[in-house]
Amino acid sequence: MVETEQARFMLRVKPNAKQNQLLGFKEGVLHIRIAAPPVEGKANDALIKFLSERLGVSKSRVSIEKGLTGRTKTIVIHGLSQSQAEKQLETLSG
């Protein structure tokens, strides 16, 4: 069975925050604070774990498509449609 459903988002990450937090969408970009430092991939790992927990998918279904070393990233979430993921993220960010 081939799963084609996926969501893609551009996001802006602020590492070294006090806590992990979804800030919501601003001009189509999802803003997120991550407590981990941007050292040796720790912030990226924490970002993937945080998003997978919030969206209820396994970590293997969340990947960083672009921006591994920058604060602006493109992520892909496999197994959720764009509208499903957007709705969940908007609800979770308040």
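**Strand pairing.** Strands here are DSSP runs of at least two residues and helices (H or I) are runs of at least four, numbered from the N terminus. Two strands pair if DSSP finds at least two bridges between them. In this pairing I found leucine 22 opposite isoleucine 32 in E3. E2 and E3 form a hairpin with two residues between them. Glutamate 27, in the turn, has a positive phi of about 55°.

I then checked E1 against E3. They run parallel and are joined by four bridges. Lysine 14 has arginine 33 in E3 as its bridge partner.

**Ground rules.** I worked on a predicted model, in which local features need pLDDT of at least 70 and side-chain atom pairs count only at pLDDT 80 or more, while totals for chains, interfaces and linings use all residues. Residues are numbered from 1 along each chain as its sequence is written, and side-chain values use heavy atoms, with hydrogens and water left out.

**Positive phi in loops.** Most residues other than glycine have a negative phi. I noted the exceptions. Asparagine 16 has a phi near 60°. I placed asparagine 16 in the loop between strand E1 (6-14) and strand E2 (21-26). Asparagine 16 is exposed, because its relative accessibility is 52%. For the cut-offs, buried means under 20% relative accessible area, exposed over 50%, and partly exposed in between, with a 1.4 Å probe and protein chains only.

Glutamate 40 also has a positive phi, about 55°. It sits in the loop between strand E3 (29-33) and helix H1 (42-55). Glutamate 40 is exposed, with a relative accessible area of 73%. Glycine 41 lies in the loop between E3 and H1. Glycine 41 is partly exposed at 31%. I checked the C-alpha distance from glycine 41 to threonine 69: 8.2 Å, for 28 residues of sequence separation.

**Aromatic pair.** How many aromatic pairs does the rule count? I got one. The rule takes rings of Phe, Tyr and Trp (its six-membered ring) with centres within 6.5 Å; planes under 30 degrees apart are stacked, over 60 edge-to-face, and the rest tilted. The pair is phenylalanine 9 with phenylalanine 25, tilted, at 5.8 Å centre to centre and 45° between the planes. Phenylalanine 9 is in strand E1 and phenylalanine 25 in strand E2, 16 residues apart. Phenylalanine 9 is buried at 4%, whereas phenylalanine 25 is partly exposed at 27%.

**Salt bridges.** I searched the whole structure and found two. The criterion is a side-chain nitrogen of Lys or Arg within 4 Å of a carboxyl oxygen of Asp or Glu. Glutamate 65 meets arginine 8 at 2.7 Å, N to O. This pair links distant parts of the chain: glutamate 65 is in strand E4 (residues 62-66) and arginine 8 in strand E1, 57 residues apart. Glutamate 65 is partly exposed at 40%, and arginine 8 is partly exposed at 37%.

Glutamate 53 meets lysine 49 at 3.9 Å, N to O. They are about one helical turn apart, because four residues separate them in helix H1. Glutamate 53 is partly exposed at 47%, as is lysine 49 at 43%.
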